[in-house]
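Take a look at the model, and then we can go through them together.

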Amino acid sequence: MPELPEVEVVRAGLEAHVSGRTITEVEVLHARAIRRHELGAEDFSGRLSGVKITAARRRGKYLWLELSDGQAMLAHLGMSGQMLVQPDDAPDEKHLRVRFRFADNGPELRFVDQRTFGGLALAELTEVDGMALPGTIAHIARDPMDPRFDLDQAVRALRSRRTELKRALLDQTLVSGIGNIYADEALWRSKLHWARPTDRLTTAHGRAVLTAASDVMAEALVAGGTSFDALYVNINGESGYFDRSLDAYGQEGLPCGRCGTAIRRDPFMNRSSFSCPRCQPKPRVR
């Protein structure tokens, strides 16, 4: 699943290439792509016709386009969703789901989704803590790269839960934007085991792991995000290359960059968690 850096790369591209443009036509080619819009394809297309895109926004891993009529178009990228800006004469992608045409007759915006786990939906904006958010994601917390992110408040939120540290890092209501990849990287950098109980987490350790998450995601953003296959791309279809800089995630059996111990993989929530057995010792059972 794309995490904060990958979504921010897409958001910045949309801000540069579709913000300020007026939609003239929306073509829904696969109903599942707008399944979260309960009124269906005709209503979705009709409500967007003649509307201007005023901004591209993001909170954590959630992306939306603000519209001139006060609504937002929320985009769930899922596992394979792509927002591509393409010339109108470019061949249709095999998994093209929704096409947007504009009044300036310039490049189209295309939503492509191979696995159709993602989708688009219209939502009303609501003000939450000084920011207009789609109502459906009003519960999502600020992320570590948000200028108004409160590190100490986020640490208190982590420590207030009785769970494992990595589970808390993935809880988007506590701190948003962090997924499986960057959680493992942040834990490796802060030398903390993923199973450490959050109610035994010190303030210093909480600050360390969230600062590490912010740092690693900032570095990934510069590299265009982490792409393991052709499904994770920017609006021009280009892949990021931060996968070359990963220290823990996906590195099972390879030497730890600090101590040389082989990186270990453990089952975690139907996925995997990667850590160094020496640098990140497993917490003792009380």
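Q: Where does S80 lie?
A: In this predicted model, S80 lies in the loop between β4 (71-76) and β5 (81-86).

Q: Why is S80 called buried?
A: Its relative accessible area is 1%. Buried requires a value under 20%, so S80 is buried.

Q: What makes the pairing of the S80 and D113 side chains a polar contact?
A: The side chains of S80 and D113 are in polar contact at 2.5 Å. The cut-off for such a pair of N or O atoms is 3.5 Å, and 2.5 Å is within it.

Q: Which backbone atom lies 3.4 Å from a polar atom of the S80 side chain?
A: That is the backbone nitrogen of Q114.

Q: Which residues does H95 touch, not counting residues up to four places away in sequence?
A: H95 touches F111, V112, D113 and Q114. H95 itself is in the loop between β5 and β6 (96-102).

Q: Why is H95 called partly exposed?
A: Its relative accessibility is 22%.

Q: Which residues does the UniProt annotation "binding site" cover?
A: According to the unreviewed UniProt entry, the annotation covers H95, R115 and R161. These residues are spread over 67 residues of sequence and also in space, with up to 41.1 Å between C-alpha atoms.

Q: What can be said about the place and contacts of R161?
A: R161 sits in the loop between α3 and α4. Leaving aside neighbours within four places in sequence, R161 is in contact with D171, T173, L174, T198 and D199.

Q: What makes the pair of W194 and F268 edge-to-face?
A: The ring centres are 5.4 Å apart, and the planes meet at 70 degrees. Centres must lie within 6.5 Å to pair, and planes over 60 degrees apart count as edge-to-face, so this pair qualifies.

Q: Why can this pair be said to tie together parts that are 74 residues apart in sequence?
A: Because W194 lies in the loop between α5 and α6, while F268 is in strand β10 (residues 264-268).

Q: Why do W194 and F268 count as buried?
A: W194 has 10% relative accessibility, and F268 has a relative accessible area of 2%. The limit is under 20%, so W194 is buried and F268 is buried.

Q: What makes the aromatic pair of Y249 and F274 edge-to-face?
A: The angle between the planes is 70 degrees, with 5.3 Å centre to centre. The angle passes the 60 degree limit and the distance is within 6.5 Å. Y249 is in the loop between α6 and β10, and F274 is in strand β11 (residues 271-275), so the pair links parts of the chain 25 residues apart.

Q: Why is F274 called buried?
A: Its relative accessible area is 9%, which is under 20%, so F274 is buried.

Q: How do you know that R21 and R258 lie over rings?
A: R21 lies over the face of F102 at 4.0 Å from the ring centre, and R258 lies over the face of W188 at 3.8 Å. The distance limit is 6 Å.

Q: Where is R271, and why is R271 called partly exposed?
A: R271 is found in strand β11. Its relative accessibility is 39%, between 20% and 50%, so R271 counts as partly exposed. Beyond neighbours within four places in sequence, R271 is in contact with L170, N180 and D266.

Q: Which members of the largest nonpolar core touch the most other members?
A: Of its 42 residues, they are L169, I178 and L210. Helices α3 (151-159), α4 (165-170), α5 (180-190) and α6 (203-222) each supply at least two residues, and α6 gives the most, with seven residues.

Notes. Residues numbered from 1 in each chain as written. Predicted model: local features only at pLDDT ≥ 70, side-chain atom pairs only at ≥ 80, totals over all residues. Heavy atoms only, no water. Core = buried A, V, L, I, M, F, W, Y, C linked by side-chain atoms within 4.5 Å. Buried < 20%, exposed > 50% of the residue type's maximum accessible area, 1.4 Å probe, protein only. Helix = DSSP H or I, 4+ residues; strand = E, 2+ residues; numbered from the N terminus. Polar contact = N/O pair within 3.5 Å; in protein donor to acceptor, adjacent residues only side chain to side chain. Phe/Tyr/Trp six-rings, centres within 6.5 Å; stacked < 30°, edge-to-face > 60°. Lys NZ or Arg CZ within 6 Å of the ring centre and 35° of its normal. UniProt positions renumbered as here; feature names shortened; annotations may be inferred. Contact = heavy atoms within 4.5 Å.
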